[in-house]
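Please read them with the structure open, and look up each residue as it comes.

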Amino acid sequence: MNESIDSLMNEVRRFPPSEEFRAESVVDASIYDAAEADRLQFWADRARELHWHEEFTQVLDWQPPHAKWFYDGKINVAYNCLDRHVEAGNGDRVAFHWEGEPGDQRKITYAEMTAEVKRLANVMLGLGIRKGDRVAIYMPMIPESVAAMLACARIGATHTTVFGGFSPQNLRMRVDDADAKLVITVDGFNRKGKVFALKPTVDTALEAEGHNVENVLVVRRGENEIDWNAGRDIWYHEAMADAEPEHVAEGMEAEHPLFILYTSGTTGNPKGILHTSAGYLTQAAYTHRIVFDIKPERDVFWCTADVGWVTGHSYVVYGPMANGVTQVMSEGTFDTPTPHRPWQMIERYGVTVFYTAPTAIRTFMKIGREYPQESDLSSLRVLGTVGEPINPEAWMWYRDVIGGGKTPVVDTWWQTETGAIMISPLAGVTELTPGSAEHVIPGIEIGILNEKGEPVPQGQGGLLTITSPWPGMLRTIWGDDKRYRETYWEKFGDKYFAGDGARIDDNGDIWLLGRVDDVMNVSGHRLSTAEIESSLVAHEATAEAAVVGASDATTGQAVVAFVILKSRFEQTKSVEEAEAILRKHVADDIGAIARPRQVFIVPDLPKTRSGKIMRRLLRDLAEGREVGDTTTLADGSVVKAIQEQMR
Ligand code: PRX
């Protein structure tokens with residue numbers, strides 16, 4: 001890792017914004033000075049760019065590790081994303097140009113979205129949902145998913161959006177942990193040319209007693225046959241037709257819980273990351289505007305993230321909608337019905353700012369530049385990436401082939417926990433170096449520390465920490481404040497430990513070095529080695545399992561599992577059968593994103609004398625490298641035995 005970072009850091013190419021771009025940028029370099037001069041005043045000014053039902057007078061209450069921002073004010077997040085724009089005379093502005101995978105199109109203005117959300121708020125109130133209740137949203141990329149999140153925000157219900165690729169068990173775990181009263185879903189949706197049913201997953205998830213879900217609100221999209229649980233299930237379109245159209249948004253406390261989003265940690269159980277209202281919205285809107293140089297009256301923004309992930313929360317729903325910008329949204333995948341799809345959509349809607357993951361860019365590279373080159377992409381003026389490190393080769397390809405050799409490419413680093421972008425260039429300000437996330441966002445403060453908590457000298461790698469509280473920060477882990485303290489704050493006291501390594505070079509550019517814990521990053525999605533291991537061990541075939549993230553040319557990292565079979569199973573199944581069964585098991589148990597790229601059936605696992613699995617060695621094996629130092633192994637012959645099995 002260090003070697004490759006050294007060569008990356010010798011990168012000499014620099015790309016400043018053009019003079020014309022800089023001249024029209026929404027901010028200039030003085031924003032850094034303003035933030036530094038008085039950080040809290042700076043954030044208060046950003047918060048005042050939103051609409052407040054009741055003004056705040058207090059900016060920050062910081063009792064490490066608990067922060068409250070703007071906490072004596074009242075705000076309605078949905079009002080800020082909807083009514084405010086209509087009242088300012090922008091109701092006719094398109095909020096979403098949406099395309100279904102089969103090619104059906106919808107155009108929804110801010111006025112229409114506001115009307116939809118008001119009705120839906122009334123539907124939810126009619127179902128007995130009140131401020132403080134939790135609602136699970138298990139939906140694909142359709143406008144109703146955005147409406148569902150905003151309707152929750154409007155009435156003060158806390159949503160937990162669950163990615164549509166997750167299994168019934170995973171959905172149930174989230175429903176239980178959040179204690180949701182309502183689930184909003186679809187019959188099915190289009191993906192890779194087929195209808196992918198979702199409602200049956202909800203039915204399975206809710207089969208066993210012990211949850212408090214009273215209703216399931218079902219949007220009709222896939223038009224697939226579904227079972228109907230009378231008394232519990234309600235068609236969205238029927239409920240909406242009967243609902244009152246008017247709903248007046250009330251101000252919520254600034255710290256009112258807006259959403260819980262589950263993410264993988266280093267143990268088997270996902271953590272419910274809790275975000276609250278005003279601070280989160282402030283940072284989402286502000287970063288969206290300054291990083292991407294957003295001018296709502298003329299930009300068309302397309303963030304390709306699913307609403308089931310944090311990027312979909314902050315840069316499809318809350319940030320862009322608070323800024324009142326026009327967006328593009330699409331159902332299904334990029335390559336169905338044809339690999340021309342994303343480029344044709346950019347041309348069709350005149351997309352100006354495109355934000356996606358490095359994995360997608362590497363996939364576009366593999367498919368070939370012929371596809372983007374057949375569309376007119378000249379409307380693009382800013383490109384962004386998120387979710388994983390971007391290699392300079394992919395960065396250059398993105399700028400040259402998609403951005404016509406002229407657009408800034410902003411590499412944005414942040415996490416589910418941070419709520420919004422923390423480290424990133426500003427499109428109209430920063431001189432770019434391919435592969436670097438450049439600088440902290442004005443108003444954010446970081447430190448790169450060694451294990452003892454001391455700052456490392458410039459140029460050296462260390463642990464990334466955030467040294468002062470920020471408005472979009474997670475407030476706790478839902479129902480488990482102890483885990484919150486232990487995971488993020490125990491290591492360095494009042495500094496937030498991100499779990500990533502980082503390094504600052506002589507130019508002051510920041511380079512992210514990847515996770516330093518047992519968290520993998522597959523296609524920009526976070527997966528826990530422990531979660532997949534416990535899934536494997538739960539299968540009757542498995543005696544022991546170890547999982548590592550091995551580097552992968554397209555997905556960044558890939559899941560590779562090493563499994564010792566129980567002898568009974570070993571005698572009845574071939575190695576190939578066992579591998580296939582276990583790969584499928586993990587996909588069924590957690591979701592397709594967790595399916596191991598490879599499962600190796602091995603006779604033993606490399607362990608230290610104290611019994612700890614040496615994942616470093618397994619990673620060497622999985623990546624086909626010379627195996628590193630084995631002197632701490634309890635049994636030195638294990639590596640050889642595994643290598644033989646892997647051949
Ligand atoms: O390791 C970092 C990586 O993704 C992790 C956060 O994952 P998640 O909470 O799922 O959020 C992803 C989208 C915000 C981080 O700890 N990561 C995210 N962005 C970058 C990145 N690594 C390198 N460069 C990035 N730009």
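**Notes on the pockets, the ligand and the backbone**

1. The lining of the second largest pocket consists of two nonpolar, two polar and six charged residues. Those residues are D518, T608, K612, I613, M614, R615, R616, R619, D620 and G628. The space in this second largest pocket comes to about 320 Å³. Bear in mind throughout that the model is predicted.

2. How many cavities of 30 Å³ or more does a search of the whole structure find? There is one. The largest cavity holds about 50 Å³ of space.

3. Which residues line the largest cavity? They are I75, N76, V77, A153, G156, A157, M252, H256, P257, L258 and S277. By class, seven of the lining residues are nonpolar, four are polar and none is charged.

4. Turn next to the ligand. The shell around the ligand has 17 residues, and D411, T416, D500, R515 and R526 come nearest. Sorted by class, the shell has six nonpolar, six polar and five charged residues.

5. In the side chain of R515, an N or O atom lies 2.7 Å from an oxygen atom of the ligand. The side chain of Q415 likewise has an N or O atom 2.9 Å from an oxygen atom of the ligand. With G387, the atom concerned is a backbone N or O, and it lies 3.1 Å from a nitrogen atom of the ligand.

6. How much of the ligand's accessible area does the protein cover? On its own the ligand has 540 Å² of accessible area, and the protein covers 96% of that. Helix 13 (310-322), strand 20 (409-412) and strand 25 (510-515) are the elements that each give two or more residues to the shell.

7. On aromatic rings, the structure contains 35 aromatic pairs. One of them is formed by F163 and W309. Why is this pair called tilted? The ring planes of F163 and W309 stand at 35°, with the ring centres 4.7 Å apart, so the pair counts as tilted; stacked would need planes under 30 degrees apart, and edge-to-face would need over 60.

8. Helix 13 has already come up as one of the elements that give two or more residues to the ligand shell.

9. Two peptide bonds deserve a look. The bond from P64 to P65 is cis, with omega near 0°, and P65 belongs to the loop between strand 1 (60-63) and strand 2 (66-69). The bond from T336 to P337 is also cis, again with omega near 0°. P337 is placed in the loop between strand 17 (326-330) and helix 14 (341-349).

10. Last, check the backbone at F70. This residue is not a glycine, yet its phi is positive, at about 55°. F70 is in the loop between strand 2 and strand 3 (74-75).

How values were computed:
Residues are numbered from 1 along each chain as its sequence is written. This is a predicted model: local features need pLDDT of at least 70, side-chain atom pairs count only at pLDDT 80 or more; totals for chains, interfaces and linings use all residues. Side-chain values use heavy atoms; hydrogens and water are left out. A residue is near a molecule or strand if one of its heavy atoms lies within 4 Å of it. A polar contact is a pair of N or O atoms within 3.5 Å; within protein, one must be able to donate a hydrogen and the other to accept it, and residues adjacent in sequence count only if both atoms are side-chain atoms. Accessible areas come from the Shrake-Rupley method with a 1.4 Å probe; for residues, only the protein chains shown count as cover. Helices (H or I, at least four residues) and strands (E, at least two) are DSSP runs, numbered from the N terminus. Ala, Val, Leu, Ile, Met, Phe, Trp, Tyr, Cys and Pro count as nonpolar, Asp, Glu, Lys and Arg as charged, and the others, Gly among them, as polar. On a 1 Å grid over the protein atoms alone, a cavity is a set of points where a 1.4 Å probe fits but cannot get out, and a pocket is an open set with protein on both sides within 12 Å along at least five of seven lines; lining residues have an atom within 4 Å of a point. Grid points are joined across faces, edges and corners, and a volume is the space filled by probe spheres set on the points. Rings of Phe, Tyr and Trp (its six-membered ring) pair if their centres lie within 6.5 Å; planes under 30 degrees apart count as stacked, over 60 as edge-to-face and the rest as tilted.
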